Amino acid sequence: MVIIVEKSANSPRRKTHMKKRDLKEWIMVLTIVPTMLTGLTLAAYFTVNRFAEINTLLQQQATNITETLAIASETALFERNKRKLKRLIYSSHRKNSALINNIAIYDAAQQLVLFSGNQRDLARLSILDARPLPTHTEMLQDQDYLVFYSPIYTELNTSEITEQVNDTLIGYIAVQINQNEALVGQKTALIVSFCVIVLGLMISLFFSAKLVKRVIRPIRTMVTAINAIGAGTGNVYIEEDLTGELDLLKNGINTVAKSINAIHLEMQINVEQTTSDLRETMEQIEIQNVELNLAKRKALEANRVKSEFLANMSHELRTPLNGVIGFTRQLFKTPLKDNQRDYLETISNSANSLLIIIDDILDFSKLDAGRMVFENIPFPLRDTINEVATLLAPGAVDKELEFSLRLSPDVPDDLIADPTRIKQVLVNLIGNAIKFTEKGSVTVDLVIDERSFEKVRLKAVVIDTGIGIQQKQQESLFAAFGQADSSITRRYGGTGLGLIISQKIALEMHGDITMKSEVNRGSTFEFTFCCTLHTKPLSSALPIQSLAKRSLLYFEQDPHTRIATTELLESWGITVTSLGDKNALLQLNKNTTRFDMALLSQKLSPNVLDEIKPLIDKIRPVSDQLYLLTDALSQQMRDILLGSGIEACLSKPVNHRKLAIALSKTEQSSQQQNQINASAVEKSPLRVLAVDDNEANLKLITTLLLELVDTVEVTKNGAEALALCSIKRFDMIFMDIQMPIMDGITACQQIKGSSLNKNTPIIAVTAHALSGEKERLLEVGFDGYLTKPIDEQVLSQSIIEYTRLEQAGAPKQLPALQVQTEQAEQKIEEPVKTNEEDQSLPETKRIDWALARQRAGGKTDLAIDMLNMLLDSIPAARDSISQATDKEDPEAILKHVHKLHGACCYTGVPRLKSLAETIETHVKKTGDADDVMPELFELIDEMDNLLEDCADWRAGQRV
């Protein structure tokens, strides 16, 4: 392909030329090439066949001569009659001289008897000693000759007495065949084939020339006519007489030419009519433009009046809100309970949020009217930023986002500017980041951009991992009422004024707002603003004098939060050892260097108690003071966390002032300790249903629930629970999973389908949960999840949460209570009796009575009852497990071991429980029990030993 670029005065033009064959060449090719290919194919086929035929004929002729000579020379060779042999082979040689080159006869000892022909070729005829004598006619290729060997047998009588006839090999004959005659025949066949091909090509060429002559001339005539049509030279008509398809093509060209002439005439008429219509339209447009200019002036005037009205109404709109906020602040100065303070904080935050929305509308109107006023007052920067973080943190917590705030230590705190406008811009940028981020994080960094003697230019960088903004939509963000997509307003809400107001505020503060974004990767907004440095401190001093040179262990998994908090602590003179890996934290031991304080960051989750407890156990040996950083949480959850062994619980993002005050305290006040002890849940007026097929489990959960709710009803399987739920309405249902007759999953789904209890929260209770089973249970319809042994504290937490939702008027559905309860120990427990204090308890290493009391909620009598029920069930369980093991039935093994495991959860038999849990886990995962056969036998032995150890004690009880 050759590309030629031609340039003209108007614009560059590129033409592409390809080397093409004309029709004449194609006709010649399409006629000659098939003829040539066909001739070559046929010639090759017949030549090859002729060659094979000549070779076959030659071999057959040579074989006949050789075998005939072998038969004819039998008697003469046996009698050693050379004269007769000589006459025989010479006669044959003369008759076939054109074919035979040499004939030789050998005896059985391979000795030459006679030969005819050239003696120099004699060596080629003999058979090598290593080769056996031929037993039938054979052929060998020897350069340009073929050598045929044929054995010579005799059938003469070897015994005159028996007259027995034997075929005896007495020699062989070798005939050298000349191939010249065959080669001449092959060459002759090849020459004939070539001549046939040439003749065919000549005939094909003759007819091709005739065809070209009859086709090309009419086509050239038609091409000339088409060019004339394209040039618009007037009427075109082809009058030449043609036949076949060429005649059809001629008629088509004539028809097209006629149609084009008609269309051209019609087009001229239309152009004249369109020109006339266009003149009339232009006159109408001029009239409309005049009317639009008048309407535009009226709209601008109306918009100015509207802006002035809204700007003047600012005071009237703010007055009631300021009253609400003001009196809320006054209430903060009065003695308040913790829950009352939380309510007031909610009222204050809501009022401030409403004020922000109103301010957006008023500020936009003021900006349009040119009446925006900026203050220039001293303010503490860090306290201002903390107010923004406190306001926006709940939104991040609700969406389970990591919200992190970092102020560089070198950023000055005492500044002069408009703090309200700074907060307004930050609230808008951070609020948008949280609004448009479904998962991931929102980080804020405040650093110095430029600094002089009296001025400082700060830069706030807000980064999110949200939905991002397309490049073509980014320009509309800084337009009034503009958002990246019209659907955003419907999905996320908002007036679309925030960014345009924020940008204008930034410009008024000698800064700017810039952004960069990537779809589905997130956005980054940078807000710069200038402030004047203030020489005097504006906020109260932090109590950090006692923290200098103290050591602190800090655990935080989020890198941004870890860096921000570490910088803050180190700026106070604290020696910080920061960890980001939970495994590294869990490796702490008593030999690790001790720390004065430990700060543990933990993301709030329903199973926060189980996640924090192992960390507290690891940190306690190396630090006496332990503080917790977590997301915003309810007062009930805060009290529970304080009861788990920490000195104070703070919310994230870190408030520098609250953190300094908490760390500066060396011990908790007795009032706070009393609050922890008094955090027990009052009895709720609820009707609860407990479903479990194990009597011990049912008894314990009933005992624990009766301390928390008014009414508890029990059933032993899913079918009974379904029947009871069809006639009674319950406030909560705790249901076991594996039960006879009807399992818990089926019962849950059918209860949810009933009219009485379709909205009743159903909590799954099971002795063991594999990875992914929790999610599966929640997907099939359960509202929450508990694992055995049920912890009294976590059970109380679920009742508290349900009661809170009930009082708030929320739907009766627990917020995905996914808590695993491997028994989080309480900070304050009742003293545990030893065996010396209670001689009625059996002394055996197989029973941990401290654990048994703990499982029974600190009740010794209940712990004894639970143990007795376990001991009563062991003989039947042992027999069932033994039979299932003998039958190698993994389903039966899993069924009986699961039931035993559930009974062990509430008694102090850790070894028996551990074995049952190991077997159940393995069989559930693999569906096979072969690999846990040793554990099965050990489980049976452990049950026997437990019965034996408790035999005397149980006999004394019966007496």
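## Proline 380 and its surroundings

Apart from neighbours within four places in sequence, proline 380 is in contact with Asp413, Leu538 and Ser539, where contact means heavy atoms within 4.5 Å. Proline 380 lies in strand β8, which spans residues 377-380. Helices (H or I, at least four residues) and strands (E, at least two) are DSSP runs, numbered from the N terminus. Proline 380 counts as buried because its relative accessibility is 18%; buried means under 20% relative accessible area, exposed over 50%, and partly exposed in between (1.4 Å probe, protein chains only). Serine 540 is 160 residues from proline 380 in sequence, and their C-alpha atoms are 9.8 Å apart in space.

## Basis of the model

The model is predicted: local features need pLDDT of at least 70, side-chain atom pairs count only at pLDDT 80 or more, and totals for chains, interfaces and linings use all residues. Residues are numbered from 1 along each chain as its sequence is written, and side-chain values use heavy atoms, with hydrogens and water left out.

## Overall organisation

The protein has 28 helices and 25 strands. Of its 959 residues, 44% are buried. Among contacts with a separation of 6 or more, 68% join residues 24 or more positions apart.

## Nonpolar cores

In soluble globular proteins, nonpolar side chains tend to be buried together. A nonpolar core is a set of buried Ala, Val, Leu, Ile, Met, Phe, Trp, Tyr and Cys residues joined through side-chain atoms within 4.5 Å. The largest nonpolar core here has 60 residues, and Leu705, Phe734 and Leu939 have the most contacts inside it. Helix α25 (residues 860-887) gives the most to this core, with 10 residues.

Not counting residues up to four places away in sequence, the residues touched by phenylalanine 734 include Val688, Ile701, Leu705, Ile763 and Ser798. A second, separate core has 47 residues, among them Leu381, Leu401, Ala417 and Ile505.

## Packing of helices α9 and α10

Helix α9 (residues 381-398) packs against helix α10 (residues 419-435) at an angle of about 25°, with their axes 10 Å apart. Axes are lines fitted to C-alpha atoms, for helices over the stretch in contact, and angles run from 0 to 180 degrees between N-to-C directions. The two helices, α9 and α10, are therefore roughly parallel to each other, a description given to angles under 35 degrees. Residues making the contact include Ile385, Val388 and Leu392 of α9, and Leu426, Val427 and Ile430 of α10.

Conventions. Parallel < 35°, antiparallel > 145°, perpendicular 65-115°, else oblique.
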